[in-house]
Amino acid sequence: MRKFVKDRYFPFISFMFRSSHAFGFVEALVDTGSPFTVLSTTDAIRLRLPIKSMRKGEPCQLAGFTFFKAFLGNSSMTFRTDDGKSLAIQFNNMGVLIPTKLDKSQLEDVKHIPSIIGNDFLEQEKFALYVNPSKKVSYLEKIE
Amino acid sequence: MENETQTLEILDEDSKWVTENYEELRKYEGKVIAIKNKQIIDVSDTLENIMKKLEDKKENSAFLLIEAIPPKSVSFIL
């Protein structure tokens, strides 16, 4: 899913993220081309994660930039269901995109890269993705 | 948990608002904007600056939508 809706990435899914290091709102692009689920550098900064001490992990490339994929350990993601209730999901594979160079220039360059919900999360929870860009509608559907 | 769900609903609405109004928001190209309750509460040149300004305003960035608007001349494809 790499389509744009009027130049904005789409589809986004919102959730509350909680780990031992951070708690807050995250808006993530559902990207079925990504094997991994990661928080963006911008979201890491917004959630005040200690990114300077997180420069470790498997190197990965995204949008021409090289990152460390740091792991956050035990985390939960709380979504809003269509009937207005909350659905909390334990997800222990959340990564964080930490630029290999942490200077101001690099942080500015990667600020447009969004958080991503990848196939690891969709597979774990047996979610299917519905997306209709023309109506700007997207949601995850649990497949029993 | 109920408060968390309500907060998520409000922020989800902000996210939809950004998508629906993205053409209008392109006037902030190259800037970083902070959105709260479907209103732009701050505009800065850099992420670092907006974080400082939000802190000065006692706003918790973890519960705000912060959007970096790319320059019109640049397209981002992941």
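This dialogue walks through a few features of a predicted model.

User: What should I know before I start?

Analyst: Residues are numbered from 1 along each chain as its sequence is written, and chains are lettered from A and ligands numbered from 1 in the order in which they are written. This is a predicted model: local features need pLDDT of at least 70, side-chain atom pairs count only at pLDDT 80 or more, and totals for chains, interfaces and linings use all residues.

User: How many helices and strands are in chain A?

Analyst: Helices (H or I, at least four residues) and strands (E, at least two) are DSSP runs, numbered from the N terminus. Chain A has three helices and 13 strands.

User: What share of chain A is buried?

Analyst: A buried residue has 20 or more other C-beta atoms within 10 Å of its own, with C-beta atoms placed from the backbone. In chain A, 37% of the 144 residues count as buried.

User: Which strands of chain B pair, and in what sense?

Analyst: Two strands pair if DSSP finds at least two bridges between them. Strands β1 (residues 32-36) and β2 (residues 39-44) of chain B pair in the antiparallel sense over five bridges. B:A34 has B:D42 in β2(B) as its bridge partner. β1(B) and β2(B) form a hairpin with two residues between them. In the turn, B:N37 has a positive phi of about 50°.

Methods. Buried ≥ 20, exposed ≤ 12 C-beta atoms within 10 Å, placed from the backbone.
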